[in-house]
Amino acid sequence: MAVFLYLTTIVVGILSALLYTPLKRQATIIGLLRPLNSWENIHGIENRVIRDTVACEDLHYHEPSDMLYSACMGDMEKAAGWFPGSGTLDHPENPSLGTLVVIDPKTMKTKKLSLENFPATAFVTHGISIYSHPSDHNTVFIFAVNHHPNPLQTSASPEQPKAASRIELFTHAVGSDTATHLRSISHPLIRTPNDLLALSEKEFLVTNCHHYRDGLMRLVEDISHIPWTDLVHVSIDDHDVTATVSLNSIGTNNGLGWGPNGQILIGDATGGNLYFAGLEAENKTVSISHHVPVDSVVDNPSFFSDPYSQFDGKDYSGYLLPGIGRPIDFGTNYKDPTGQAPIPSIVWYVPVNAGRKEGEGGDKQARLVFSDDGSSLRGVTTAVIVAIDPATNDGKREGWLFLTGVVAPNMLATKIDFATTL
Ligand SMILES: *[C@@H]1O[C@H](CO)[C@@H](O)[C@H](O)[C@H]1NC(C)=O
């Protein structure tokens with residue numbers, strides 16, 4: 001008996017030691033250890049609310065035109081009722097008809113593009129990616145996820161998936177008020193599209209963020225990190241859509257972005273990791289180099305390339321990793337049609353060195369650059385820095401951190417001081 005007890009104690013001890021770290025990490029990521037009533041906000045020097053930006057999930061900076069591009073659902077109630085990206089499938093009869101939005105990072109003015117040649121009755125926006133040909137910076141191709149309800153799903157055909165998610169391709173002339181729809185792109189391998197990475201105007205990567213669209217198994221998928229889903233390479237020509245699986249090893253692969261020199265960034269949402277990867281040109285597979293973990297969900301990663309490092313010899317380039325603070329409440333609070341139920345936000349910055357191979361030196365430490373209880377920025381999904389020219393800013397090295405939320409009533413820009421924040 002004594003021996004049995006002794007052995008039990010040893011086994012339990014070993015198991016707890018083995019599980020303690022991963023369990024604690026998972027508890028942190030899902031927000032169990034971050035109660036809302038003691039939330040500490042971390043903001044920049046000054047906040048600006050960006051008007052006409054309702055429920056915008058993604059955001060990209062187009063350097064040649066110095067403009068930001070987003071896609072917004074535009075209606076809080078509709079976004080809260082139908083958004084397959086968050087497993088919200090309650091109201092397919094009332095989907096949003098969103099649009100593409102251009103934001104001037106200097107004036108903070110927003111322009112909603114009118115969509116030409118686009119007769120769709122639903123544009124339920126999620127991830128986007130922009131592409132300009134190196135020889136034509138004035139034309140922007142915009143790929144955008146559209147979580148269109150599936151017209152084939154009826155009570156007579158309940159086996160049909162509820163969503164017929166697809167990708168829309170638009171073209172936009174810089175400075176104009178319109179975007180022209182070129183085509184819709186559907187393929188059996190594009191099932192639960194989350195984010196996109198345009199490789200050209202005919203080729204892109206897309207993450208399927210889940211295998212399960214809703215229900216208990218989606219939760220199991222989120223918590224277990226079993227890689228049931230994948231990242232797909234898609235190419236289009238005049239008639240065909242060709243797709244192949246590029247990577248199938250990251251459980252909740254989510255946001256995509258570009259790092260320096262063709263590096264591919266992949267957010268691993270509930271795994272709390274940013275993966276650094278590259279595309280193999282010959283066979284279109286994606287190979288992972290390494291990853292950095294942070295203590296929260298990682299949604300859409302972005303890379304800030306500091307354009308003013310020459311000014312004082314300091315390079316503040318680095319990666320931004322946004323994520324919702326309490327996934328544990330997200331499913332319920334997401335569905336609040338008034339958009340009031342709190343969804344806190346967290347944004348990390350990791351220096352450019354973190355993107356270099358393991359073993360190479362330099363500062364790689366992640367730091368918290370923004371934190372909010374959800375009242376200023378509801379449920380951050382993307383964070384992008386646009387630097388302010390120090391020559392027009394009394395020599396100060398500052399920038400605007402733009403933040404979007406998929407079910408936020410507005411985007412936020414918060415001005416940050418690079419030396420003390422990054
Ligand atoms: C794709 O190409 C890379 C680089 O040549 C190689 O390492 C990898 O094994 C290939 N993968 C497949 C599935 O063919």
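Over how many bridges do strand S17 and strand S18 pair, and in which sense? The model is a predicted one. In it, strand S17 covers residues 273-279 and strand S18 covers residues 286-293, and the two pair in the antiparallel sense over 7 bridges. One of the positions that can be located in this pairing is Asn273, whose bridge partner in S18 is Pro293. The hairpin of S17 and S18 has 6 residues between the strands, and in this hairpin Lys284 takes a positive phi near 60°.

The ligand can be taken up next. Glu280, Glu282, Asn283 and Thr285 surround the ligand. Two of these residues place a polar side-chain atom by an oxygen atom of the ligand: for Glu282 the distance is 2.8 Å, and for Asn283 the distance is 2.5 Å.

From the hairpin the reader can turn to the sheets. An open sheet of 4 strands runs in the order S1-S25-S24-S23, and its pairing is antiparallel. Its edge strands are strand S1, residues 46-50, and S23, each of which pairs on one side only. From one strand to the next, the twist in this sheet averages 25°. S1 is joined to strand S25, residues 411-417, by antiparallel pairing over 5 bridges. Within S25, Lys415 is the residue that stands opposite Glu46.

Another open sheet is made of 4 strands in the order S11-S12-S13-S14, again with antiparallel pairing. Why is one side of S11 and of strand S14 left without a neighbour in the sheet? S11 and S14 (241-247) stand at the edges and have a single partner strand each, so one side of each has no neighbour in the sheet. The twist here averages 25° from one strand to the next. Strand S13, residues 231-236, runs antiparallel to S14, and 6 bridges join the two. Val234 has Ala243 in S14 as its bridge partner. As background to both sheets, side chains in a regular strand alternate between the two faces of the sheet.

The remaining topic is empty space. Rolling a probe the size of a water molecule over the atoms shows where such space is left. The largest pocket has a volume of about 1200 Å³. It is lined by 45 residues, of which Tyr61, His62, Glu63, Pro64 and Phe303 are the closest to its centre. The elements that give two or more residues to this lining are strands S2 (56-62), S7 (125-133), S11 (193-200), S15 (253-258), S19 (302-304) and S23 (380-387). By class, the lining of the largest pocket consists of 25 nonpolar, 14 polar and 6 charged residues.

The second largest pocket holds about 730 Å³ of space. Among the 31 residues that line it, the closest to its centre are Ser86, Asp222, Ile324, Pro327 and Phe330. Which elements give two or more residues to the lining of the second largest pocket? They are helix H3 (215-224), helix H5 (327-334) and S23. H3 gives the most, with 5 residues. S23 is also listed among the elements that line the largest pocket. The classes in the lining of the second largest pocket come to 13 nonpolar, 12 polar and 6 charged residues.

About 60 Å³ of space lies in the largest cavity. Its lining is made up of Pro84, Gly85, Leu89, His147, Ala163, Ser165, Arg191, Thr192, Cys209, Arg213 and Arg218. By class, the lining of this cavity has 4 nonpolar, 4 polar and 3 charged residues.

Terms used: Residues numbered from 1 in each chain as written. Predicted model: local features only at pLDDT ≥ 70, side-chain atom pairs only at ≥ 80, totals over all residues. Heavy atoms only, no water. 1 Å grid on protein atoms, 1.4 Å probe; cavity = no way out; pocket = protein on both sides within 12 Å on 5 of 7 lines; lining within 4 Å. Points joined across faces, edges and corners; volume = space filled by probe spheres on them. Nonpolar A, V, L, I, M, F, W, Y, C, P; charged D, E, K, R; others polar. Pairing = 2+ DSSP bridges. Axes fitted to C-alpha atoms, helices over the stretch in contact; angles between N-to-C directions. Near = heavy atom within 4 Å. Polar contact = N/O pair within 3.5 Å; in protein donor to acceptor, adjacent residues only side chain to side chain.
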